[in-house]
Amino acid sequence: MKAVRIHRFGDADVLRVEDVEMPQPVDDEVLVRVTAASLNPVDTKIRTSGGRFKKEADLPVAMGRDLCGRIEALGTRAHNMLSEGQRLFAMIGFDRGAWADYAVLRATEMAAVPDRLSDEEAAAVPLAGLTAWQGLVDHGGVAAGQRVLIHGGSGGVGHFAVQIAKALGAEVFATASGDGVEFVRSLGADHVIDHRAQRFEDDAANVDVVLDLIGGDTQQRSWDVLAPGGIIVSTLTPPKPQAGQGDDGRRGVDFIVDPKGVDLLKIAAMIEDGVVIPHVQESFALADVAAAARRMEGGTIRGKLVIRVGGEGAA
Ligand SMILES: NC(=O)c1ccc[n+]([C@@H]2O[C@H](COP(=O)([O-])OP(=O)(O)OC[C@H]3O[C@@H](n4cnc5c(N)ncnc54)[C@H](OP(=O)(O)O)[C@@H]3O)[C@@H](O)[C@H]2O)c1
């Protein structure tokens, strides 16, 4: 089978589509024939330096976290409600790669794909959707009526976060720029702030939960818009208040997304209800993975980039 791997860290040219051995499902695992996968910033971090997840000694590294596929084979103890041909989506662990013809899924990672999604839309959901869900619900504790500020509302995580926060009944503030402003408005945000034209502090105040997808100065300035008892939830770095910024019970946490199929089920239910819709900006054939990676690094992506696996245009 074909799979995208890297043998050294570097620019997009280190991505290779090569022949590798088919993985085999054991116990409660399933083997899926991958039909679509998606890109995330973590793929760029791993490819360029390994990030916090891979070291030189781990090379060659199989690339890609998110996929949609159909069950090809079941492990000997795979749950009897699963059947060959069934459509699943998942964020898979760093020990495997999703940019491949086939992948093994663990029982705890996967969920059935909502009927209304195409395979490409489904592949866009797992990592970014789970990050948005866990950031808002598990770490932020967002409740109806609260004010939520999402930094980076037009990107992969942000476009899910805006929709999920609205579905939870929050009043949503979100930052974006360029045509991202209209995009985020179309997702249902109540207040959209163009971060290139305006300081978010001028529009957002008394915020209960800040979802920080940007870090740095944006994160630091967020302390000043937090309500007493409010929280900054960051996907980047631990938020640390400077003098006077962490009073009144204001606090900050950072977290790493947990690839939990049970949370994917909750997002799937919101998708079934039509309140969350994944947005695929562009899709690429597996053979063009380097072009997809360069596009990812170019920025200004509204929603997600997807890789088509198998069929026409595959390597
Ligand atoms: N800890 C974890 O487990 C975890 C999980 C997922 C993601 N992450 C990290 O979280 C970050 C966001 O992920 P993502 O997938 O959403 O990335 P993304 O798709 O690249 O989106 C990021 C968005 O941020 C916006 N942006 C850039 N500079 C900004 C600024 N100064 N203020 C406000 N918005 C700004 C851009 O939108 P505009 O063009 O509209 O400005 C861009 O589309 C990445 O660094 C990623 O590595 C961490």
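Guide: The buried residues of α8 (289-298) are covered by elements including β1 (2-6), β2 (16-19), α1, β15 (280-285) and β16 (304-308). Contact here means heavy atoms within 4.5 Å, and buried means under 20% relative accessible area, against over 50% for exposed and in between for partly exposed (1.4 Å probe, protein chains only). Helices (H or I, at least four residues) and strands (E, at least two) are DSSP runs, numbered from the N terminus. This is a predicted model, in which local features need pLDDT of at least 70 and side-chain atom pairs count only at pLDDT 80 or more, while totals for chains, interfaces and linings use all residues. Residues are numbered from 1 along each chain as its sequence is written, and side-chain values use heavy atoms, with hydrogens and water left out.

In α8, V289, A290, A292, A293 and M296 are buried. Viewed down the helix axis, these buried residues fall within an arc of 160°, so they line one face of α8; the arc is taken from the directions from the helix axis to the C-beta atoms. Just after α8, G299 adopts a positive phi of about 80°.
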